[in-house]
Amino acid sequence: MQVYPELAEGFLSGSCNPIVIGSIKQIMNYFEIFGIPIQLKVDKNELPKKFFELSRKFHPDFYANTTPSEQNRALEITANLNKAFKTFQNPEETIKYFLQLKGLLEEEEKYQLPPDFLMEVLEINEKLMDVEDDPELKLNLQSAINDLQSDIYGPVKETVEHYQDGVTTEKELLQVKEYYYKKKYLHRIQQQLNGMS
């Protein structure tokens, strides 16, 4: 992805204007839009402030008197800003976006999870059928899911929370990819459990 330094500088310095908008030929990635380093875990505390600041700056109303091309680009930036903000609000979506950006994950990829993990979740899945008649079993399954989530996060915690471009290895990132798919699988089970009274 090509980086447009004039936009990045504008974001960070607050000097973005319709002239800069007109010079954008390709939309930047989500991290560039927010002016933050590429990372696996985004600090959500500063995000809303930055989002509203950029939303005001690039609101299409400010570009009403510019060319149609500049207006379209302002709309495109606003749309991508909204998508970026939504992505960064969700830790798993942030990991997914990061891995896609790095070329390590494809949309609709058929990922093969390890057999030992599949055996663990199979046991949980089998017990799900009996949950409606057994409140205690539901609590036990919830506890099992929580434990499994902790177990799968442990090996990648350091990589996710302290990723460094050029330092973190591809092997470590592929472990994060496996974590992402395990977490996604567990999320589906969690949704099933939540849907049972």
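**Figure 1. Q71 and what it touches.** Leaving aside residues up to four places away in sequence, Q71 touches Y63, A64 and T66 (contact means heavy atoms within 4.5 Å). Before you look further: this is a predicted model, where local features need pLDDT of at least 70 and side-chain atom pairs count only at pLDDT 80 or more, while totals for chains, interfaces and linings use all residues. Residues are numbered from 1 along each chain as its sequence is written, and side-chain values use heavy atoms, with hydrogens and water left out. You'll find Q71 in helix α5, which covers residues 68-88 (helices are DSSP runs of H or I with at least four residues, strands are E runs of at least two, and both are numbered from the N terminus). The Q71 side chain reaches the backbone oxygen of A64 at 3.1 Å. That is a polar contact, meaning a pair of N or O atoms within 3.5 Å; within protein, one must be able to donate a hydrogen and the other to accept it, and residues adjacent in sequence count only if both atoms are side-chain atoms. Q71 counts as partly exposed because its relative accessibility is 27% (buried is under 20% relative accessible area, exposed over 50%, partly exposed in between, with a 1.4 Å probe and protein chains only). Now hop over to H59: twelve residues separate it from Q71 in sequence, and the C-alpha to C-alpha distance is 9.7 Å.

**Figure 2. N29, in the loop between α2 and α3.** Look between α2 (18-22) and α3 (30-34) and you'll spot N29 in the loop. Which backbone atoms does the side chain of N29 reach? One is the backbone nitrogen of F31, at 2.8 Å, and another is the backbone nitrogen of E32, at 2.9 Å. With a relative accessibility of 5%, N29 counts as buried.

**Figure 3. Helix α4 packed with α5.** Here α4 (residues 47-57) packs with α5 at an angle of about 175°, and their axes are 11 Å apart. So α4 is roughly antiparallel to α5 (under 35 degrees counts as roughly parallel, over 145 as roughly antiparallel, 65 to 115 as roughly perpendicular and the rest as oblique). On the α4 side, the contact uses L47, P48, F51, L54 and S55; on the α5 side, it uses L81, N82, F85 and F88. Sorted by class, that gives seven nonpolar, two polar and no charged residues (Ala, Val, Leu, Ile, Met, Phe, Trp, Tyr, Cys and Pro are nonpolar, Asp, Glu, Lys and Arg charged, and the others, Gly among them, polar).

**Figure 4. Helix α8 packed with α10.** These two helices, α8 (residues 135-153) and α10 (residues 170-194), pack at about 165° with their axes 10 Å apart. That's why α8 and α10 are roughly antiparallel to each other. From α8, the contact draws on K138, L141, Q142, I145, L148, Q149, I152 and Y153, and from α10 on Y179, K182, K183, L186, I189, Q190, L193 and N194. Split by class, the contact of α8 with α10 has nine nonpolar, four polar and three charged residues.

**Figure 5. E108, with its positive phi.** E108 isn't a glycine, yet its phi is positive, at about 60°. Its place is the loop between α6 (91-101) and α7 (115-128). Buried or exposed, then, for E108? Exposed, with a relative accessible area of 65%.

**Figure 6. Stepping back to the protein chain.** Count up the elements and you get ten helices and zero strands. The chain has 197 residues, and 40% of them count as buried. Among contacts between residues at least 6 apart in sequence, 70% join residues at least 24 apart.

Notes. Axes fitted to C-alpha atoms, helices over the stretch in contact; angles between N-to-C directions.
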